[in-house]
Amino acid sequence: MDAFTTGILQRIKNAEQDLNRAIESGDEFLAEVEQSELEDLQRLATEHGVDPVLGTHRSAA
């Protein structure tokens with residue numbers, strides 16, 4: 001796995017954890033911010049051929 005894939009997947013994992021903490025603490029504003037961050041990271045990953053769910057990289061053929 002290349003550095004970009006590893007980095008983006010780690011950032012997605014961190015954003016998911018931050019979102020869960022915000023939800024658990026009842027901080028609705030922070031939860032919205034974290035949800036937006038997570039969506040941006042997932043979009044970025046997908047645009048670069050990384051499946052944010054499976055954690056795999058699709059190479060150009």
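Reader: How many residues apart are Glu 47 and Arg 43 in helix 2, and what does that spacing mean along the helix?

Author: Glu 47 and Arg 43 are four residues apart in helix 2, so about one helical turn separates them. Helices here are DSSP runs of H or I with at least four residues, strands are runs of E with at least two, and both are numbered from the N terminus. The model is a predicted one, in which local features need pLDDT of at least 70 and side-chain atom pairs count only at pLDDT 80 or more, while totals for chains, interfaces and linings use all residues. Residues are numbered from 1 along each chain as its sequence is written, and side-chain values use heavy atoms, with hydrogens and water left out.

Reader: Which interaction joins the side chains of Glu 47 and Arg 43?

Author: Side chains of opposite charge can pair when their charged atoms come close. The term used here is salt bridge: a side-chain nitrogen of Lys or Arg within 4 Å of a carboxyl oxygen of Asp or Glu. Glu 47 and Arg 43 form one, at 3.1 Å from N to O. Glu 47 is exposed at 54% relative accessibility, whereas Arg 43 is partly exposed at 43%. Buried means under 20% relative accessible area, exposed means over 50%, and partly exposed lies in between (1.4 Å probe, protein chains only).

Reader: How many salt bridges does a search of the whole structure find?

Author: Three. Another of them pairs Arg 21 with Asp 18, whose closest N and O atoms are 2.4 Å apart. Both residues belong to helix 1 and are three residues apart, which again puts about one helical turn between Arg 21 and Asp 18. Arg 21 is partly exposed, at 49% relative accessible area, and Asp 18 is partly exposed as well, at 28%.

Reader: Which parts does the salt bridge between Glu 37 and Arg 11 tie together?

Author: The N to O distance for Glu 37 and Arg 11 is 3.7 Å. Glu 37 lies in helix 2 and Arg 11 in helix 1, so this pair ties together parts 26 residues apart in sequence. Glu 37 has a relative accessible area of 32% and is partly exposed; Arg 11, at 44%, is also partly exposed.

Reader: How should I read the packing of helix 1 against helix 2?

Author: Two packed helices are described by the angle between their axes and the distance between the axes. For helix 1 and helix 2 the angle is about 160° and the axes are 9 Å apart. The helices are therefore roughly antiparallel. Axes are lines fitted to C-alpha atoms, for helices over the stretch in contact, and angles run from 0 to 180 degrees between N-to-C directions. Angles under 35 degrees count as roughly parallel, over 145 as roughly antiparallel, 65 to 115 as roughly perpendicular and the rest as oblique.

Reader: Which residues of the two helices meet?

Author: Contact means heavy atoms within 4.5 Å. On the helix 1 side, Phe 4, Ile 8, Ile 12, Glu 16 and Ile 23 are among those in contact, and the helix 2 side includes Leu 30, Glu 34, Gln 35, Leu 41 and Leu 44. Leaving out residues up to four places away in sequence, Ala 22 touches Asp 27, Leu 30 and Ala 31. With the same exclusion, Gln 42 touches Ile 12, Glu 16 and Pro 52. Gln 42 is in helix 2 and is partly exposed, with a relative accessible area of 26%.

Reader: Which residues make up the largest nonpolar core?

Author: In soluble globular proteins, nonpolar side chains tend to be buried together. A nonpolar core is a set of buried Ala, Val, Leu, Ile, Met, Phe, Trp, Tyr and Cys residues joined through side-chain atoms within 4.5 Å. The largest one here has 11 residues: Ile 8, Leu 9, Ile 12, Ala 15, Leu 19, Ala 22, Ala 31, Leu 38, Leu 41, Ala 45 and Val 50. Helix 1 gives the largest share, six residues.
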